[in-house]
Amino acid sequence: MYSEDELRELISGMTDDDGNELMLYSKEQVDQGGNIANLLLSTATIDPEDCKDIATAGLLDTVESGEIAVALSEGDQPRTLSAQSGSEGPDAVEVLDEISGKMDQCANFSVQALGQTYEVTSEEVQADTDAEKTFATLSSRSGDNQQKLMQVSAAEGTLLVVATKSGANLGDPDQKELEDLINEVLEKADGGSATSSPTSTSTSGSTSTSSPSGSASPSETESEPEETGMTSPSPTASS
């Protein structure tokens, strides 16, 4: 299990694709929120109630027996990034398995928050991260602004990382942004090179097969990536 300080370290220093920093919520703000569901949805009522997990990407009461850290960015398309780790109950993979099993019954549900009620249509998105299990949804809510919310949740052991982005139009580039944010957190958790490189966000190439821990030669970063680069991953080759 991760401590709250460790979780905060994992999601700190991130920026979204618009250059906005994902600002860490203080411990007091998280405590005041009660749980991340309240931060993202205020004190919303979901009907059917069983669909609350879908609406909150799994970040619900599971954190009551564990720790959580939250970061948010401001802008036209706000992003959230959160990491939680539980000491009791099912591990993160089981949590996502249970949530994904509810998709059939939760394709449509209603949310009542701040005196307003709106209908939500949710569909599963085929996202991919470096975690043991990934589950993602794209939700649209009724109303004048037709706001959408994309959520990508990734489970690795006791660690559950969730990235969300809201906006009027969301598609593949937005999904990749969320996947990259999660992969960066996972790399930190794995003790990867992301912690020692201030420009670690630039290591994610256009192909998901490229290795972020490639050659240390600075001159190679200037050249365009070659298709053949994937066939020679040996770090022992010296130029």
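For the protein chain, the mean pLDDT is 75, with 67% of the residues reaching 70 or more. Where pLDDT is low, the predicted coordinates should not be read in detail. Residues are numbered from 1 along each chain as its sequence is written, and side-chain values use heavy atoms, with hydrogens and water left out. In this predicted model, local features need pLDDT of at least 70 and side-chain atom pairs count only at pLDDT 80 or more, whereas totals for chains, interfaces and linings use all residues.

The protein chain contains six helices and nine strands, these elements being DSSP runs numbered from the N terminus (H or I and at least four residues for helices, E and at least two for strands). Of its 239 residues, 40% count as buried, where buried means under 20% relative accessible area, exposed over 50% and partly exposed in between, with a 1.4 Å probe and protein chains only. Among contacts between residues at least 6 apart in sequence, 56% join residues at least 24 apart.

A search of the whole structure finds one disulfide, a term applied to a pair of cysteine sulfur atoms within 2.5 Å. The disulfide is formed by C51 and C106, whose sulfur atoms are 2.0 Å apart, and with -85° about the S-S bond the link of C51 and C106 is left-handed. Because C51 lies in the loop between β2 (45-47) and α4 (52-55), and C106 in the loop between α5 (92-100) and β5 (108-113), the pair ties together parts that are 55 residues apart in sequence. Both C51 and C106 are buried.

The loop between β2 and α4 also holds P48, which is joined to D47 by a cis peptide bond with omega of about 0°. D47 itself is found in strand β2; leaving aside neighbours within four places in sequence, D47 is in contact with F109 and S110. The C-alpha atoms of D47 and Q112, which are 65 residues apart along the chain, are separated by 8.3 Å.

Helix α5 has A92, V93, V95, L96 and I99 as buried residues. They cover an arc of only 160° around the axis, so they lie on the same side of α5, the arc being that of the directions from the helix axis to the C-beta atoms. The packing partners of the buried residues of α5 are α4, β7, β8 and β9 (159-167).

Strand β6 (residues 116-125) runs antiparallel to strand β7 (residues 133-141), the two being joined by six bridges, and E124 has T137 in β7 as its bridge partner. Eight bridges join β7 to strand β8 (residues 148-156), again in the antiparallel sense; across this pairing A136 stands opposite V152 in β8, and T137 stands opposite Q151 in β8. Strands β8 and β9 pair in the antiparallel sense over nine bridges, and the bridge partner of Q151 in β9 is T164. The hairpin of β8 and β9 has two residues between the strands, and G157 takes a positive phi near 65° there.

In helix α6, N183 is buried, with a relative accessible area of 17%. Leaving aside neighbours within four places in sequence, N183 is in contact with T129 and D130.

Technical notes. pLDDT is the predictor's confidence in each residue, from 0 to 100. Two strands pair if DSSP finds at least two bridges between them. Contact means heavy atoms within 4.5 Å.
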